[in-house]
Amino acid sequence: MQNITDMIAEGKGKRLYATENPDEAVVYYRDETFAFHGLKRGRIIGKGEINNLICEYMFTMLTEKGVPNHFIRRIDNRCSLVKRVEIIPVTVKVRNIVAGSLAKRIGYPDGTRLKNTVLEYCLKDPELEDPLVNLTHITAMSLATPEEIKRMEELSLRVNEIVSGCMAEINIELIDFKLEFGRYKGQILLADEVSPDTCRFWDARTHEPLDIDRFRHDLGDVEEAYREVLHRLTGNVLKNTEEE
């Protein structure tokens with residue numbers, strides 16, 4: 001196990017720990033689950049282990065395709081070593097098909113394919129419920145420079161292209177997803193995670209969700225959906241293990 005020191009941050013599904021190397025951190029993936037800005041809480045048994053493996057697969061693939069990211073290596077079942085980035089407090093949402101809050105805002109039914117990919121920006125502030133912001137908000141608040149925003153856009157679209165293609169090969173549609181970015185030694189790196197916690201994955205044949213929406217909307221079979229995504233990606237079948 002990597003030598004860890006203090007906990008840096010705790011989010012909905014992860015904890016981030018400092019290490020003896022100031023340029024590195026350890027991500028611990030949890031089974032605990034939150035939805036609707038923390039109003040709904042629960043546990044998806046084995047989720048942390050599954051997301052750790054999915055993120056290893058995704059970040060490794062993105063590295064091979066030229067997308068710079070924070071991932072270094074998986075340490076064990078629930079922990080991965082990452083570059084310690086300065087997170088930019090703006091989440092980028094990438095939307096290919098209408099679902100969730102977008103359906104309510106624009107009046108299109110869930111499942112409507114958009115004529116082009118839509119990028120949205122949200123302020124990372126749970127107390128304000130992560131509100132939508134635009135590019136002028138971001139620069140006015142000095143959250144990121146125009147050059148950084150442009151780079152985040154470029155990387156977001158590239159991630160969309162790569163992950164959409166990957167999922168299509170295993171009969172899963174990438175509906176939408178959110179990304180976080182960080183600064184690291186003068187670079188903008190993709191950070192956080194790419195998993196069923198942060199992406200809407202629908203089975204391409206049945207259009208059934210294979211992601212956190214199963215928990216949000218009490219659809220049942222949440223653990224099975226996460227395991228199905230991992231199995232299709234890697235062929236890995238995990239035992240039903242609970243977070244220690």
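Predicted model: local features only at pLDDT ≥ 70, side-chain atom pairs only at ≥ 80, totals over all residues.
Helix 1 is largely enclosed by the rest of the structure, because 13 of its 18 residues are buried. Two partners are worth a look here: helix 4, whose axis comes within 11 Å of that of helix 1, and helix 6, whose axis comes within 10 Å.

**Helix 1 itself**
- Helix 1 runs over residues 47-64 and reaches 25 Å from its first C-alpha to its last, close to the expected 26 Å.
- Just past the end of helix 1 sits Gly 66, with a positive phi of about 90°.

- You'll find Ile 54 in helix 1.
- Is Ile 54 buried or exposed? Ile 54 has a relative accessible area of 0%, so it counts as buried, the cut-off being under 20%.
- Setting aside neighbours within four places in sequence, Ile 54 touches Val 194, Ser 195, Pro 196, Tyr 226, Val 229, Leu 230 and Leu 233.
- Take Val 229 from that set: it is 175 residues from Ile 54 along the chain, yet their C-alpha atoms are separated by 8.2 Å.

**Helix 1 against helix 6**
- Helix 6 covers residues 222-234, and its axis crosses that of helix 1 at roughly 30°.
- With angles under 35 degrees counting as roughly parallel, the two helices are therefore roughly parallel to each other.
- The crossing of helix 1 with helix 6 is left-handed.
- On the helix 1 side, the contact is made by Lys 47, Ile 50, Asn 51, Leu 53, Ile 54, Tyr 57 and Met 58.
- Helix 6 brings Tyr 226, Arg 227, Val 229, Leu 230, Leu 233 and Thr 234 to the contact.
- Sorted by class, this contact has 9 nonpolar, 2 polar and 2 charged residues.

**Helix 1 against helix 4**
- How do helix 1 and helix 4 lie, and at what angle do their axes cross? The angle is roughly 120°, and the two helices are therefore oblique to each other.
- Helix 1 goes past helix 4 in a right-handed crossing.
- From helix 1, Tyr 57, Met 58, Met 61 and Leu 62 meet Val 159, Ile 162, Val 163, Cys 166 and Met 167 of helix 4.
- This contact has 9 nonpolar residues, with no polar and no charged ones.
- Tyr 57 and Met 58 turn up in the helix 4 contact and again in the helix 6 contact.

**Helix 4 itself**
- Helix 4 spans residues 146-168, and its 23 residues reach 33 Å from first C-alpha to last, close to the expected 33 Å.
- Buried residues in helix 4 include Glu 148, Ile 149, Met 152, Leu 155, Ser 156 and Asn 160.

**Two loop residues with positive phi**
- As background, most residues other than glycine have a negative phi.
- Asn 171 isn't a glycine, but its phi is near 60°.
- Asn 171 sits in the loop between helix 4 and strand 12 (172-184), and it is partly exposed, with a relative accessible area of 29%.
- Asp 221 isn't a glycine either, and its phi is positive at about 55°.
- Look for Asp 221 in the loop between helix 5 (213-216) and helix 6.

How values were computed:
Residues numbered from 1 in each chain as written. Heavy atoms only, no water. Helix = DSSP H or I, 4+ residues; strand = E, 2+ residues; numbered from the N terminus. Expected span 1.5 Å × (residues − 1). Buried < 20%, exposed > 50% of the residue type's maximum accessible area, 1.4 Å probe, protein only. Axes fitted to C-alpha atoms, helices over the stretch in contact; angles between N-to-C directions. Parallel < 35°, antiparallel > 145°, perpendicular 65-115°, else oblique. Left-handed = near helix turned anticlockwise from the far one by under 90°. Contact = heavy atoms within 4.5 Å. Nonpolar A, V, L, I, M, F, W, Y, C, P; charged D, E, K, R; others polar.
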